[in-house]
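Me: I would like to learn how to read a few features of a model. Please take them one at a time, with the general idea before the case.

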Amino acid sequence: MSVFSKATSSFVRQMQGDLDGSLIHVSRPHDSQKLVPLAVVVKRNRYWPWQRPKYQPSDFILRDLLQGDAAFDPDVTESPFISYNETSRDDKSGNWKAKADMVQVDVEGEGSSKRKLSFGNLQNQKVTVKRLLEDCRDRKLDMRHILVQQVQKRNEVLAVLKERVLTTTPCGITETQKKQGSCMGVLNLMGMLGTEISVQESFSVNVDRDISLEIPAQTVIAYSLLELEIQKGGNFKLCLQPETFGGFESDSGTSSPSFDTVDQQRVGNGIDLSRIQPPKRAPLSALNSELQKQEESLCLLAELPVRRCLFEMLFKSLEDRDTLSLQEQALADWCCRAGVLELQPQSMNAPSCALLDLLCLVPAIQSENGSAAECSPPPQLTAVHLLVSAMEALPDETLFQLTLCSPEILQAIDELICQLRGSCQPLPDNSVPAILLEEDGKTWKLLEQLLRSSNVTLERVNDGLRAETGSEEGDLPLVLCLTIRGLSSLCNGDD
């Protein structure tokens with residue numbers, strides 16, 4: 001996640017307790033120019049139930065999409081908001097050790113980051129909704145407009161900007177990152193006379209990085225929207241009440257909203273994606289019904305001919321949330337087109353293009369690319385998208401802890417989680433994979449930190465080991481289990 005996106009996201013999290021929870025953070029500075037009053041924003045639906053909707057500002061405002069030549073300007077009220085300053089610090093550390101025959105490798109790492117941001121005195125601008133309703137009376141959307149047609153084809157949602165929060169003076173964000181790492185390898189050989197020969201090689205890496213970002217005045221850092229409920233003839237309604245969602249009217253005469261209602265369901269490749277919130281303070285076995293819906297898809301990862309290369313590529317992406325987001329979006333676009341790949345290099349970075357190129361080498365995916373005859377994407381493509389979307393849903397702390405896990409440790413953690421899910425009773429100590437008990441407890445500490453970062457607690461009791469979901473609501477325990485199962489499946493065997 002970029003420095004700017006981290007800052008605006010942190011601001012919105014702090015504000016949600018005081019506002020109605022409708023604020024959306026701005027993820028890229030250049031989007032600020034598009035976010036004017038009544039700007040048209042495309043809401044991209046979730047593909048999986050744990051994902052959050054994504055928002056893409058367009059180059060249009062509402063009047064550009066209306067029929068007729070009569071133009072209107074929004075009535076906007078301005079008011080001082082707050083003065084916002086923040087300083088945060090994050091410290092992380094971890095290590096792992098791997099052994100294989102005569103080779104031993106030890107890796108340790110630690111890092112810290114400090115972020116200081118000052119948005120200064122902020123301003124709030126709101127569109128007068130009553131005036132907007134009067135201006136839109138008897139007006140219709142131009143259903144032939146290219147943006148309207150594209151959004152309708154993808155079953156996405158059109159919305160207009162109702163409110164925005166922007167800076168009033170130049171301000172700045174600074175972030176300092178310090179990373180230290182060391183690696184030691186030991187090769188034990190037996191000499192010709194029976195003497196033992198030990199060859200040791202070690203190296204260390206220190207990285208210091210200072211980032212400073214100057215933000216000009218009148219930069220939008222957050223905004224809220226009104227979704228549009230669009231009927232076939234172009235008539236539309238503004239969704240004014242909370243928990244009301246926009247969309248296009250379907251052939252049945254009802255609108256097809258985004259997948260945000262609690263009881264909404266979506267089925268793809270035979271997988272039921274009805275949303276079930278994992279219970280709080282419950283054993284991991286409580287996740288079984290939801291996990292089993294997805295695991296059949298993840299099993300396909302172990303059969304991919306490029307699985308080892310795919311593992312290395314995705315493991316590298318754990319270090320870069322921006323890359324994860326781009327890869328997830330590219331895979332979502334591919335899946336939404338029923339497996340027909342339409343590359344858009346301008347919206348992707350090199351790792352995202354490399355991921356798509358790699359998947360095109362898979363015969364089961366390649367054979368269906370270029371034809372939209374099938375109504376659903378290849379199951380193997382869905383499995384990769386499932387894994388990447390689960391990875392993207394994890395918090396930064398969890399992603400960091402995963403980067404410290406060797407393939408052997410990932411597989412051991414997956415084995416442990418499967419055993420913990422298998423029963424509501426504590427797991428006997430002798431059932432824990434041996435590799436997790438090595439290194440004087442360091443690997444075990446890594447395991448605890450990894451689980452805790454995604455709202456899973458692990459504790460020893462008199463009769464064994466017990467794991468349960470934490471006190472916070474959300475899907476983090478579910479997506480962590482899916483991520484570990486998916487990455488572990490890619491580690492099985494060679495390409």
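Me: Is Leu38 buried or exposed?

Reply: Buried means under 20% relative accessible area, exposed over 50%, and partly exposed in between, with a 1.4 Å probe and protein chains only. Leu38 has a relative accessible area of 4%, so this residue is buried. This is a predicted model, in which local features need pLDDT of at least 70 and side-chain atom pairs count only at pLDDT 80 or more, while totals for chains, interfaces and linings use all residues. Residues are numbered from 1 along each chain as its sequence is written, and side-chain values use heavy atoms, with hydrogens and water left out.

Me: Where in the fold is Leu38, and what is its phi?

Reply: Helices (H or I, at least four residues) and strands (E, at least two) are DSSP runs, numbered from the N terminus. Leu38 lies in the loop between β1 (24-25) and β2 (39-44). Its phi is near 65°, a positive value in a residue other than glycine.

Me: Which other residue has phi near 65°?

Reply: Asn455, again a residue other than glycine with a positive value. Asn455 sits in the loop between α12 and β15. Its relative accessible area is 11%, so Asn455 is buried.

Me: What does Ser453 touch?

Reply: Contact means heavy atoms within 4.5 Å. Ser453 is in the loop between α12 (442-452) and β15 (456-461). Leaving aside neighbours within four places in sequence, Ser453 is in contact with Pro395, Glu397, Thr398 and Leu476. Its relative accessibility is 17%, so Ser453 counts as buried.

Me: How many helices and strands does the protein have, and what percentage of its residues is buried?

Reply: There are 13 helices and 16 strands. Of the 495 residues in the protein, 47% are buried. Among contacts between residues at least 6 apart in sequence, 74% join residues at least 24 apart.

Me: How should I read the packing of α6 and α7?

Reply: Two packed helices are described by the angle between their axes and the distance between the axes. Axes are lines fitted to C-alpha atoms, for helices over the stretch in contact, and angles run from 0 to 180 degrees between N-to-C directions. For helix α6 (residues 321-336) and helix α7 (residues 350-359), the axes come within 9 Å and cross at roughly 40°. Angles under 35 degrees count as roughly parallel, over 145 as roughly antiparallel, 65 to 115 as roughly perpendicular and the rest as oblique. The two helices are therefore oblique to each other.

Me: Which residues of α6 and α7 meet?

Reply: From α6 come Thr323, Leu326, Gln327, Ala330, Leu331 and Trp334, and from α7 come Pro351, Ser352, Leu355, Leu356 and Leu359. By class, the residues of this contact are eight nonpolar, three polar and no charged. Here Ala, Val, Leu, Ile, Met, Phe, Trp, Tyr, Cys and Pro count as nonpolar, Asp, Glu, Lys and Arg as charged, and the others, Gly among them, as polar.

Me: How does α6 pack with α9?

Reply: The angle between α6 and helix α9 (residues 379-392) is about 150°, with the axes 9 Å apart. The α6 side of the contact includes Arg321, Leu324 and Glu328, and the α9 side includes Leu381, Val384 and Glu392. The contact of α6 with α9 has nine nonpolar, five polar and three charged residues.

Me: What is the angle between α4 and α9?

Reply: Helix α4 (residues 288-298) and α9 pack at about 125°, with axes 8 Å apart. That angle makes α4 oblique to α9. Gln294, Ser297 and Leu298 of α4 meet Pro379, Thr382, Ala383, Leu386 and Leu387 of α9.

Me: How many residues does the largest nonpolar core have?

Reply: In soluble globular proteins, nonpolar side chains tend to be buried together. A nonpolar core is a set of buried Ala, Val, Leu, Ile, Met, Phe, Trp, Tyr and Cys residues joined through side-chain atoms within 4.5 Å. The largest has 69 residues, and Leu310, Leu331, Leu359, Ile413 and Leu436 have the most contacts inside it. Its largest share, nine residues, comes from α13. Another core, of 28 residues, lies apart from it and includes Val3, Phe4, Leu161 and Ile215.

Me: Where is Gly486, and what does it touch?

Reply: Gly486 is in helix α13 (residues 476-491). Its relative accessibility is 0%, so Gly486 counts as buried. Leaving aside neighbours within four places in sequence, Gly486 is in contact with Leu298, Leu301 and Leu387.
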